[in-house]
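Trainee: I would like to go through the voids and the helix packing. Where do we start?

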Amino acid sequence: MAKHVEYEKVGSDYLEHRQLKRGAAGWVLLAGLGVSYVISGDFAGWNFGLAQGGWGGLLIATILMATMYTCMVFGLAELASALPVAGAGYGFARRALGPLGGYATGIAILIEYAIAPAAIAVFIGDYVKALGLLDATWPVYLACYVIFVGIHLWGVGEALRVMFVITGVAVVALVAFVAGMIPKFDSAKLFDIGDGSFLPMGVTGAWGAIVFAIWFFLAVEGVPLAAEEARDPKRDMPRGIIAAMATLLVFAAAILLVAPGGAGSKVLEASGNPLPEAVRAAYGGDNLLAQLVNYVGLAGLVASFFSIIYAYSRQLFALSRAGYLPRWLSKTGKRKTPYLALIVPGTIGFALATIMKTADPVTGGARLINIAVFGAALSYVLMMVSHIVLRKTAPDLPRPYRTPGGVVTTSVALVLAVAAVIATFFVDEIAAAVTAGIVLIAVAYYWFYSRHHLVANAPEEEFAAIAKAEAELD
């Protein structure tokens with residue numbers, strides 16, 4: 001055990017009230033979960049990168065982030081098969097970097113997953129408004145949180161199946177959109193921002209577009225959070241997360257090409273509902289396809305909103321169960337769902353969405369994206385360092401799946417993740433400062449309180465204790 005932390009041994013009743021439902025998901029549901037986390041990024045968010053760097057800048061940024069996420073997913077597939085615990089990134093970093101490193105990773109992930117639904121709620125409000133269904137914003141946000149947190153409270157198996165169906169509907173909408181926009185494609189429309197060049201804002205524009213290119217893939221790394229609820233995590237985790245990533249790469253390439261190529265980059269650079277707007281611009285007005293994409297596009301936004309609620313609850317559950325955050329947050333109910341870990345961040349997310357949209361109706365969603373991306377990129381750095389460290393310090397750790405290319409692969413992801421962290425500062429200093437401030441407050445809580453009250457028999461801590469004991473015997 002690390003010298004600067006103190007552990008408490010809790011009774012069996014502590015963990016009995018903090019149990020998740022085992023065996024609820026196979027690899028197909030896990031792959032669906034990975035796609036569901038991210039699919040809203042195809043419907044809104046990525047297009048702000050057009051204003052930042054033009055189409056060429058966003059293309060370069062997307063290629064870089066696609067490379068980063070692909071390399072990272074291979075690394076996470078290995079870690080998830082070797083350490084299948086609900087803490088996922090926090091659990092990996094806890095084993096590799098010690099209690100503080102694990103906690104910092106968990107907090108960065110929690111920032112990403114708590115803020116991202118608020119950003120998605122803003123986009124859902126924009127889509128609803130575009131349909132003329134409701135002009136008010138906060139009632140839409142409230143309905144989203146109440147309904148979908150409620151389904152998660154119902155049960156994880158039920159929630160994952162509902163999510164899978166919603167995601168399937170959203171995939172149909174994306175396929176219909178791509179098919180409908182191909183006949184309207186004109187390569188000249190890609191370059192109608194600025195001076196019409198490939199990089200109208202120069203290399204710095206491409207750098208800044210990284211923050212928005214991430215939205216094509218943001219949160220796929222959350223699949224390992226379902227480890228304790230998977231049927232066979234050592235086998236299903238690698239298959240699920242890799243299948244999800246392959247699907248997302250296809251969607252990202254298709255949307256980035258046909259949406260601005262059919263409508264024009266200028267039309268989409270500041271849109272809160274870019275796909276329906278792209279159809280209307282390409283066809284010269286409203287039509288059946290635009291209505292279909294707008295209505296069914298809500299399914300894509302809802303799918304990610306719904307699934308990331310799952311992610312933030314499991315990350316908060318794991319940190320709380322181990323004593324890093326207040327322990328009452330990890331209690332589970334009769335249906336084995338962490339009800340407080342679902343409700344508390346949901347309440348905060350609703351408040352943030354309402355406040356940010358009221359304060360800045362145009363860019364409120366974009367700022368929330370930037371905060372979520374900064375937390376995500378910081379966690380990516382720490383998780384890739386964890387993979388590299390564990391390859392060196394725990395070479396005999398059983399690894400049912402091994403990353404192709406080993407530490408070379410995760411080193412590529414690490415370098416690109418550092419670039420993404422820097423890009424967030426470059427694009428939005430306020431968002432980066434807010435995220436850094438939250439991390440510092442959380443670390444202060446750890447240093448002055450929680451490090452003296454960690455739970456020795458939490459799964460992530462037991463992994464670390466066993467590893468230390470084995471090392472001392474060696």
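Mentor: Start with the term cavity: on a 1 Å grid over the protein atoms alone, it is a set of points where a 1.4 Å probe fits but cannot get out, and lining residues have an atom within 4 Å of a point. Grid points are joined across faces, edges and corners, and a volume is the space filled by probe spheres set on the points. The model is predicted: local features need pLDDT of at least 70, side-chain atom pairs count only at pLDDT 80 or more, and totals for chains, interfaces and linings use all residues. Residues are numbered from 1 along each chain as its sequence is written, and side-chain values use heavy atoms, without hydrogens and water.

Trainee: Which helices each supply at least two residues of the lining of the largest cavity?
Mentor: The lining is Tyr37, Val38, Ser40, Gly41, Ala116, Ile120, Trp215, Leu218 and Ile308. Helices here are DSSP runs of H or I, at least four residues, numbered from the N terminus. The helices asked for are H2 (27-38), H3 (40-43) and H5 (89-130).

Trainee: How many charged residues are in the lining of the second largest cavity?
Mentor: The lining is Ala88, Gly89, Ile109, Tyr113, Glu221, Gly222, Leu225, Gln315 and Met383. Asp, Glu, Lys and Arg count as charged; Ala, Val, Leu, Ile, Met, Phe, Trp, Tyr, Cys and Pro as nonpolar; the others, Gly among them, as polar. The lining divides into 5 nonpolar and 3 polar, and the charged count is 1.

Trainee: Which helix gives the largest share of the lining of the second largest pocket?
Mentor: A pocket is an open set with protein on both sides within 12 Å along at least five of seven lines. This one has a volume of about 460 Å³. Its lining has 19 residues, with Leu110, Ile111, Ala114, Ile348 and Ile438 nearest the centre. H13 (339-359) and H16 (429-448) each supply at least two residues, but the largest share, 6 residues, comes from H5.

Trainee: Are H6 and H12 parallel or oblique to each other?
Mentor: The axes of H6 (138-154) and H12 (288-321) come within 10 Å and cross at roughly 55°. Axes are lines fitted to C-alpha atoms, for helices over the stretch in contact, and angles run from 0 to 180 degrees between N-to-C directions. Under 35 degrees is roughly parallel, over 145 roughly antiparallel, 65 to 115 roughly perpendicular and the rest oblique. H6 and H12 are therefore oblique.

Trainee: Which residues of H12 make the contact with H6?
Mentor: Contact means heavy atoms within 4.5 Å. H6 brings Cys144, Tyr145, Phe148, Val149, Ile151 and His152. H12 answers with Val302, Phe305, Phe306, Ile309, Tyr310 and Tyr312.

Trainee: Is the crossing of H9 and H11 left-handed or right-handed?
Mentor: H9 (233-263) and H11 (274-283) pack at about 40°, with axes 7 Å apart. A crossing is left-handed if the near helix is turned anticlockwise from the far one by less than a right angle, and right-handed if clockwise. The crossing of H9 and H11 is left-handed.
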